[in-house]
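Please read it alongside the sequence and the model.

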Amino acid sequence: MIDELFLYSKLDLHRLPFHFEKILFDQYLQDFVEELRLDVEGQKVEVELTIEKNNNYEIYGDREHLKRVIMNIVNNSLKYIEKDNKKLSFHLSTIDSKILFKMADNGPGIAEENLPFIFDRFYRADMARGTEKGGSGLGLSITKRIIEEHQGNIWAESKKGQGTTILFTLEKAGDINENHINYRR
Ligand SMILES: Nc1ncnc2c1ncn2[C@@H]1O[C@H](COP(=O)(O)OP(=O)(O)OP(=O)(O)O)[C@@H](O)[C@H]1O
Ligand SMILES: [Mg+2]
């Protein structure tokens, strides 16, 4: 909790260093998913990955921080899905100059009235219910700050009882160059 809070504060103050480099995000996500499959081996977790073909997924990003982003999303699903058979479906595609990441789960979903707040710091949608899962409500706020440092957007789609999908976009490397991002401020 202290570490998360410290990290959030640093992100909030734009004092967390970012090391931007070229990343082939399709390869990167494939590697991540392979590792995840090994991590959840023996548990009833199905991990699906689809990558739309013939697209350019080159971005500028910070490998370590982006890993935290995806881990936070995955850990939420693993924590909140109460079914015996958990399912995580990753999907990668592009829209115009952006790549689009999606990860859908088969969990309990999030009520519409709570959805706008899940990226706020300390916000926990199920606090009022008796189903306390533990956590500080910082995971998604950290995730959002990291995506914003990459000039991306992040949002969620969900219906109570029908699972949750977390989506984010990142600009393709295209014309922007590394220096532009690094010296942006
Ligand atoms: N996949 C999901 N399914 C259902 N609810 C979710 C899911 N992901 C997030 N939520 C809801 O959004 C809230 C905020 O998520 P966030 O990751 O920021 O905090 P947390 O998981 O409660 O705590 P922390 O991540 O700091 O341990 C959660 O408390 C939960 O109510
Ligand atoms: Mg969390």
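A residue is called buried if 20 or more other C-beta atoms lie within 10 Å of its own, exposed if 12 or fewer do, and partly exposed in between, with C-beta atoms placed from the backbone. By that criterion helix H4 (residues 139–149) is mostly covered, nine of its 11 residues being buried. The model is predicted, so that local features need pLDDT of at least 70 and side-chain atom pairs count only at pLDDT 80 or more, while totals for chains, interfaces and linings use all residues. Residues are numbered from 1 along each chain as its sequence is written, and chains are lettered from A and ligands numbered from 1 in the order in which they are written.

**Helix H4 and its cover**
- Helices (H or I, at least four residues) and strands (E, at least two) are DSSP runs, numbered from the N terminus.
- The buried residues of H4 are Gly139, Leu140, Ser141, Ile142, Thr143, Lys144, Arg145, Ile146 and Ile147.
- Their cover includes helix H1 (2–12), H3, strand E6 (153–158) and strand E7 (164–171), where contact requires C-beta atoms, placed from the backbone, within 7 Å.
- Just after H4, glutamine 151 adopts a positive phi of about 65 degrees.

**Packing of H3 against H4**
- The axes of H3 (residues 63–80) and H4 come within 9 Å and cross at roughly 145 degrees; axes are lines fitted to C-alpha atoms, for helices over the stretch in contact, and angles run from 0 to 180 degrees between N-to-C directions.
- The contact involves His65, Arg68, Val69, Asn72, Ile73, Asn75 and Asn76 of H3, together with Gly139, Leu140, Ile142, Thr143, Ile146 and Ile147 of H4.

**The open sheet**
- Five strands form an open sheet in the order E2-E4-E5-E7-E6, with mixed pairing; strands pair if DSSP finds at least two bridges between them.
- Strand E2 (45–51) and E6 stand at the edges with a single partner strand each, so one side of each is left without a neighbour in the sheet.
- The twist averages 15 degrees from one strand to the next.
- Strands E4 (residues 86–95) and E5 (residues 98–105) pair in the antiparallel sense over eight bridges.
- Helix H2 (residues 25–39) lies across E2, E4 and E5, and runs at about 170 degrees to E2.

Key: Contact = placed C-beta atoms within 7 Å.
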